[in-house]
Amino acid sequence: MDEIQINKHRKTQENKGRLLVKCPDKPGIVAVLSTFLYKHECNIIESSQYSSDPENGTFFIRIEYHGGQLAERAAQMESDFKEISLEHGMEYKFSYPAERIRSAIFVSRETHCLIELLWEWQNGDLDTDIVAVISNHETARPMVEALGIPYHYIPANKDIRKQVEEEQIRLMQQYDVDLLILARYMQILTPDFVAHFESRIINIHHSFLPAFIGAGPYERAYERGVKLIGATSHYVTNNLDEGPIIEQDVERVDHRDDVTELKKIGRKIERRVLARAVKWHLENRVIVEGNKTIVFH
């Protein structure tokens, strides 16, 4: 999106807010939240909720709302909400679509997921500012720089991982990055790096997890003779490919499909799964609960 489009978009979003809440379930929570918004002269645009157990469970809700002069009133609203949150044991997050999230994309040699993200971003379907692309290969430089996005080539391998990650963290701080997207970045991240961006790193794994964790999943899927292949987008944790899952998808295959064909089909799945997961994160539709997620589509 160019600057004119971004400013126009911000104008349409400036009076919108979102509220994510997690709390012990009990009668009246929805009424409490809707009353709060009503008293602050806000209109509910969209509301989605889920209870893990109506009698003794956890309640989750996402509310999108509109209110006049919201930017000027947001701080007071958030301050007023603290008393309610303490009374009902709420974990919560306010967010505002007009405040665009700053994203960085990490990529290696394969660019299909990166291309999909850039297309969605250009089309206005990813509500973020892509502020940098970082890669351990030069492959993607032309397409990235053609869009005016800074491109940083940082060779990486296990022997220099500490130095590489120090430089990556420096860049993330320099660009004030909110979200890291691993678009087939084929390097393992250390616990120290992950700790800097808890629940803010989204990865695409070329397998329908928990099947075929780690490298070479298509080869192993072919050897196993699977009839479905898939892809999984998840938040990154210190356990390889075991973070909270945001989105998955599959396609049917059969004995006629060799490894090359499986990879071709898999790339299509990877692209759409990662794009959906990123979109939902940007729209504040995801609540992390332990090693699971609640996703309000």
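**View 1. Glu261 and Lys264 sit together in helix H9.** Both residues belong to helix H9, three residues apart, or about one turn of the helix. Helices (H or I, at least four residues) and strands (E, at least two) are DSSP runs, numbered from the N terminus. The side chains of Glu261 and Lys264 meet in a salt bridge, at 3.9 Å from N to O; the term stands for a side-chain nitrogen of Lys or Arg within 4 Å of a carboxyl oxygen of Asp or Glu. Glu261 is partly exposed, with a relative accessible area of 28%, and Lys264 is partly exposed too, at 46%. Here, buried means under 20% relative accessible area, exposed over 50%, and partly exposed in between (1.4 Å probe, protein chains only).

A quick word on the model: it is predicted, so local features need pLDDT of at least 70 and side-chain atom pairs count only at pLDDT 80 or more, while totals for chains, interfaces and linings use all residues. Residues are numbered from 1 along each chain as its sequence is written, and side-chain values use heavy atoms, with hydrogens and water left out.

**View 2. Glu46 and Arg285 form a salt bridge.** Their side chains meet at 2.8 Å, N to O. This pair links distant parts of the chain, 239 residues apart: Glu46 is in strand E2 (residues 42–51), and Arg285 is in the loop between H9 and E12. Glu46 is partly exposed, with a relative accessible area of 25%, whereas Arg285 counts as buried at 10%.

**View 3. Glu138 and Arg141 form another of the 24 salt bridges in the structure.** Their side chains come together at 2.6 Å, N to O. Glu138 is partly exposed, with 37% relative accessible area, and Arg141 is partly exposed at 24%.

**View 4. The largest pocket holds about 600 Å³ of space.** A pocket is found on a 1 Å grid over the protein atoms alone: it is an open set of points where a 1.4 Å probe fits, with protein on both sides within 12 Å along at least five of seven lines, and its lining residues have an atom within 4 Å of a point. Grid points are joined across faces, edges and corners, and the volume is the space filled by probe spheres set on the points. Of the 26 lining residues, Leu20, Lys93, His281, Asn284 and Val286 lie nearest the centre. Strand E1 (16–24), strand E4 (91–95), helix H9 (259–282) and strand E12 (286–289) each supply at least two residues of the lining, and E4 gives the largest share, five residues. By class, the lining has twelve nonpolar, four polar and ten charged residues. Ala, Val, Leu, Ile, Met, Phe, Trp, Tyr, Cys and Pro count as nonpolar, Asp, Glu, Lys and Arg as charged, and the others, Gly among them, as polar.

**View 5. The second largest pocket holds about 420 Å³ of space.** Its lining has 20 residues, and Gln187, Ile188, Asn203, Leu240 and Asp241 lie nearest its centre. Strand E9 (residues 201–205) brings the largest share of this lining, three residues. The classes here are nine nonpolar, nine polar and two charged residues. Look for Ile188 in the loop between strand E8 (179–182) and helix H7 (191–195); at 49% relative accessibility, Ile188 counts as partly exposed.

**View 6. Glu165 lies in helix H6 (residues 161–174).** Glu165 is buried, with a relative accessible area of 5%. The C-alpha atoms of Glu165 and Glu198 are separated by 15 Å, and the two residues are 33 apart along the chain.
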